[in-house]
Amino acid sequence: MNNQVRELQTILRDRTTERSDFMFYADRLIRLVVEEGLNQLPYDTCKVKTPTGADYEGLSFKRGNCGVSIMRSGEAMEKGLRDCCRSIRIGKILIKVNKETSTPVVYYAKFPLDVKQRTVLLMYPVLNTGATVIAALNVLIEHEVKEENIIILTVFATPEGVEAVLNQFPALTVLTSEVHTDCLVQFGEKYFGTDC
């Protein structure tokens, strides 16, 4: 947490924030989370020639990274990822809560064919109870993605949500801008303009 993140969190949590401002500041905060997620990806060392002819010892991403967004609010994070990694492949998972049982149900999942060999950035801006993210993680595990190769990117997280996820999947990484008991659960509605 730093002052910039705290200011962005404040604007997004303010119920008087207009939708256009909400989207602008949400995109800024998402970009910060995505960039930290990229810092967690595996790198290889490499050497390049500079315009002056000098050798430069640098880094390049290891091949085999992808994003997976939990539809619909996770799709708000795709632009931030594509702004940083133009050609990254992105999979999708559609999960809806069964109103009778109050449990998340997976309706659709589409991943790159070799997803089990990739490091996955799982994008979902709100980690509240953890139930939706856990359902998505179970789908990834069923597709043989290694737990330690999954990085959850989220903007808002509750302590209970983080604990629920890490209790079941202790080897993965959770990155968020803030862990707070008050989670902005209406993020997707405000971002996509479906709140009335």
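User: In this predicted model, in which loop is arginine 72 found?
Analyst: Methionine 71 and arginine 72 are joined by a cis peptide bond, with omega at about 5 degrees. As for its place in the chain, arginine 72 is in the loop between β3 and α3 (78–84).

User: How many disulfides does the count come to?
Analyst: A disulfide calls for two cysteine sulfur atoms within 2.5 Å. The sulfur of cysteine 84 is 6.1 Å from that of cysteine 85, its closest cysteine sulfur, and therefore too far for a bond. By this rule, the number of disulfides is 0.

User: What is the distance from cysteine 66 to the nearest cysteine sulfur?
Analyst: Cysteine 66 takes part in no disulfide. The nearest cysteine sulfur belongs to cysteine 85, at a distance of 11 Å.

User: Is cysteine 66 buried or exposed?
Analyst: A residue is called buried when its relative accessible area is under 20%. Cysteine 66 has 0% relative accessibility, so cysteine 66 counts as buried.

User: What is the relative accessible area of cysteine 84?
Analyst: Under 20% would be buried and over 50% would be exposed. Cysteine 84 falls in the partly exposed class because its relative accessible area is 27%.

User: Which element gives the most to the largest nonpolar core?
Analyst: This core has 29 residues, of which Leu81, Leu153, Phe156 and Phe187 touch the most other members. Two or more residues come from each of α1 (3–13), α2 (19–39), β6 (119–123), β8 (150–153) and α6 (187–192). With 7 residues, the element that gives the most is α2.

User: Which residues is phenylalanine 187 in contact with, leaving aside its neighbours within four places in sequence?
Analyst: Phe187 is one of the residues that touch the most other members of the largest nonpolar core. With sequence neighbours left out, the contacts of phenylalanine 187 are Phe22, Ala26, Ile30, Ser73, Ala76, Pro125, Val126 and Phe156.

User: How many residues are in the other core, which has Tyr124 and Val133 among them?
Analyst: This core lies apart from the largest one. Its members include Tyr124, Val133, Ala135 and Val174, and its number of residues is 27.

User: Which element supplies the largest share of the lining of the largest pocket?
Analyst: The largest pocket has a volume of about 730 Å³. Of its 25 lining residues, Ser73, Tyr124, Thr132, Val185 and Glu189 are the closest to the centre. At least two lining residues come from each of β3 (65–71), β4 (89–98), β7 (126–127), α4 (131–142) and α6. The largest share, 4 residues, is that of β4.

User: How many charged residues are in the lining of the largest pocket?
Analyst: Divided by class, this lining has 13 nonpolar and 8 polar residues. The number of charged residues is 4.

User: How many charged residues are in the lining of the second largest pocket?
Analyst: The second largest pocket holds about 320 Å³ of space. Its lining has 13 residues, with Arg63, Gly64, Asn65, Ser87 and Ile88 the closest to its centre. By class there are 5 nonpolar and 3 polar residues, and the charged residues number 5.

User: What is the phi of serine 102?
Analyst: Serine 102 is in the loop between β4 and β5 (103–110). At 57% relative accessibility, serine 102 counts as exposed. Although serine 102 is not a glycine, its phi is positive, at about 55 degrees.

User: What is the phi of glutamate 144?
Analyst: Glutamate 144 sits in the loop between α4 and β8 and counts as exposed, with 51% relative accessibility. Glutamate 144 is not a glycine, yet its phi is positive, at about 70 degrees.

Notes
Residues numbered from 1 in each chain as written. Predicted model: local features only at pLDDT ≥ 70, side-chain atom pairs only at ≥ 80, totals over all residues. Heavy atoms only, no water. Buried < 20%, exposed > 50% of the residue type's maximum accessible area, 1.4 Å probe, protein only. Core = buried A, V, L, I, M, F, W, Y, C linked by side-chain atoms within 4.5 Å. Contact = heavy atoms within 4.5 Å. 1 Å grid on protein atoms, 1.4 Å probe; cavity = no way out; pocket = protein on both sides within 12 Å on 5 of 7 lines; lining within 4 Å. Points joined across faces, edges and corners; volume = space filled by probe spheres on them. Nonpolar A, V, L, I, M, F, W, Y, C, P; charged D, E, K, R; others polar.
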